[in-house]
Amino acid sequence: MSISLRDQACVSGIGETIYMRGSSSSAFELQIESSLSAIADAGLSPKDIDGIIPIGIVSGTADDFIENFGMPDLRFSALIPHGGASPVMALQCAAAAVATGACNHVLITFGRNVTGVSNNRAGARIHGMPQFHYVTEFEYPIGAAAPAQLYAPMARRHMELYGTTSDHFAEVAIACREHALLNDNAIMKKPITLEDHRNSRMISDPFRLLDCSLESDGGAAIVVSSAERAADLRQKKVYISGVAEGHPDMPGSITQRPDMTSLGIAKAARRAFEMAQVSHADVDLVELYDCFTYVVIRQLEDLGFCKKGEGGPFIEGGRLRLGGELPCNTHGGLLSQAHVWGLNHVVELVRQLRGQAGRAQVRDARVGLVTGYGDMGDGAVAILRN
Amino acid sequence: MEVISKPVPQDVELSRPYWQAAARGELVLQRCSDCGKIRHYPRLLCDACHSRRSDFVPASGQGKVHSWTITHHVFHKAFAAEVPYALVTVDLAEGVRVLGRWDGGELSIGVPVQAYFNLTQSTPELRFRLA
C-alpha cells in the first residue's frame, strides 16, 4: 500500500533571525534563536517538538536540541546532506514522518556564521565536505576553488547553446534586489540597475559580482506538523501539497555531468506537480534557489514553466518582479536577502500564503512553489497552498 | 613573506595510478576489466556492470571543448599571480570529461584540443592547448 503525502502535512511555524554579515553569535546560537521563534510562531512549546531535521552539519545536532530544549521524547531525527537542497528535501522527509505518525511536530532548523565568528568563505569551506571529494582531488589543485568557478561552465554552455545573455542574468538580480528593498530583514539595501550589473566586477566569467549570492550569517527554522494537528495551532494552515527530490546523474562534480545544463530538479518537478494535482498556471509565485542568477533561469526550464533554452527570454519584461506574471524570490532571495541555504525561501513562501508578507505580499496568493538546490545539482521542489 | 602553496590532493588509493602516471606526464583513465567501460573520476564500481575489477589505460589526450570559465577573482592566494586564467571542460575522445587549465586562444564549444601535464607545479597540472 502506498499513501500520497498530498496535503497530509502543514508548515505550522516559521522563524528567522536578523540576517547580517559579521555576526558575533555562533551558528548554533543563531539556529536556536530562529528555532524558538518558529516554535512560538506555531503556538507550541519546545517540549512539544518530537522530530528534528538539522540542516547540514554546520551547527547544532539533534542531541544538542534534546539537551537544550529538555525534549522528553524525540521520536524522529534525520540528516539530509545535500547543501542548499536540504531544506526542501527536509519538507518531504518531515511530511512523511508526520503523515505516518512517526512523530507530530518536526523542527527543520539551520544556522550559520561564515563571516563573523568564523571567517570561512565558500572557496575554502566546500573542500572539507565529503560530497565534494572529486572536486577537491581533481579540480581544486588546478585553481577551481569556489562554487562560482564550478557553476560558471554550466552557465557558459547554456549561453553558447541557447543564446542566454548576461542581461538575462541581470534581470534575475534586479528582481531579487527590488524585492529585498521591500524587506526590512534583507541585507542588501540599495537598488541596482542593468548598468550596475554590466559594470560589476567579473568573478568567474560569465558570473559577475551581482550574479553571486551573499555570504551571510543567520538562522532560519520551520515546524512541520500533521494537517490534523496543525488545525489546533495558531496560524492559518499552509499545506505541503506536493514535494519531491531529484538528483542529477553524476552528482559529484559538474564536470562529469552527462548534460551539465540539466539538474536533479527536472526529475523532481514532475513528481511534485503530480502529487499536488496543480498545473503551472495555478502557481501564483515561486521562491527559487538562487545561489547564482543563472540557476534561477535554468530551474524555470527544468520545472516546466518554459522549454529548455527559453529561460532567458521567459523572464524578460519583468515576469519575475512583483506585479509580473510569476513573482520570484519575493524576499530578495540568496542574492539580496541572505544566504541560509534556502530555508529563507520556505519561510517566505509560508509568509506569502498566510498573507503576512507585508509590502511584498502577492495578492490572493493561493499556491506557491519553492525549490532547493545544492551541492552542484541535487534538487528538491515543494508546492504549498493555503 | 609567507608562501601560500597550491592545494595538493590527498593520497587516495583508488586514483593513485592516475596521479602516478600524471607525475610522468601521462594521462591514463580507469577502465572496467570486465566490460571495458572507461570511467572518470576513478571510482570503486563500474556503473554499467558493477564489477570492482579495473585497470588504467593510456588516453589519447585528444578532446573537444565542452565549456569553460575565465576566473578573475582570487579565491585562493596561491593563484593570485595567475588571474585571469581559464578553466576548460573537455570531452575526451575516450568518452569521459575532464577539467583542465587552458593555454589561451579563443574558446568555443567543439574546438579540438590536446591534453598535456605541466609538471612544474606541486601537483601535475592538466592543461589543454589547441589541437
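How many residues of chain A are in contact with how many residues of chain B? In this predicted model, 25 residues of chain A are in contact with 31 residues of chain B, where contact means that C-beta atoms, placed from the backbone, lie within 7 Å.

A few reading notes come first. Residues are numbered from 1 along each chain as its sequence is written, while chains are lettered from A and ligands numbered from 1 in the order in which they are written. Because the model is predicted, local features need pLDDT of at least 70 and side-chain atom pairs count only at pLDDT 80 or more, whereas totals for chains, interfaces and linings use all residues.

**Where the chains meet**

Let's begin on the side of chain A that touches chain B. The elements that give two or more residues to this side are helix 5 (133-139), helix 6 (147-162) and strand 5 (202-205) of chain A. Helices here are DSSP runs of H or I with at least four residues, strands are runs of E with at least two, and both are numbered from the N terminus. Helix 6 of chain A gives the largest share, six residues. By class, this side of chain A has 13 nonpolar, six polar and six charged residues. In this scheme Ala, Val, Leu, Ile, Met, Phe, Trp, Tyr, Cys and Pro count as nonpolar, Asp, Glu, Lys and Arg as charged, and the others, Gly among them, as polar.

Two strands pair if DSSP finds at least two bridges between them.

| Strand | Partner strand | Sense and bridges | A bridge pair |
|---|---|---|---|
| Strand 5 of chain A | Strand 4 (residues 62-71) of chain B | antiparallel, two bridges | A:Asp205 and B:Ile70 |

**A tour of chain B**

Chain B has one helix and eight strands, and from the N terminus on the elements run α-β-β-β-β-β-β-β-β. The C-alpha trace of chain B spans about 50 × 35 × 25 Å along its principal axes. Of the 131 residues in chain B, 31% are buried, that is, 20 or more other C-beta atoms lie within 10 Å of their own.

One open sheet in chain B has three strands in the order 2-1-3, with antiparallel pairing. Its edge strands, each pairing on one side only, are strand 2 (38-39) and strand 3 (54-58) of chain B.

Chain B is divided into domain 1 (13-59) and domain 2 (60-131), with bounds from an automatic or database domain assignment. Their centres, taken over C-alpha atoms, are separated by 21 Å. The contact takes nine residues from domain 1 of chain B and 11 residues from domain 2 of chain B. On the domain 1 side, helix 1 (16-23) and strand 2 of chain B are the elements that give two or more residues.

**The nonpolar core**

A nonpolar core is a set of buried Ala, Val, Leu, Ile, Met, Phe, Trp, Tyr and Cys residues joined through C-beta atoms within 7 Å. Of the 147 residues in the largest one, A:Ala94 and A:Val106 touch the most other members. Helix 3 (residues 86-99) of chain A gives the largest share of this core, 10 residues. Domain 1 and domain 2 of chain B both give residues to this core, so it lies between them. Not counting residues up to four places away in sequence, A:Val106 touches several residues, including A:Phe76, A:Ala94 and A:Val223.

Terms used: Buried ≥ 20, exposed ≤ 12 C-beta atoms within 10 Å, placed from the backbone. Contact = placed C-beta atoms within 7 Å.
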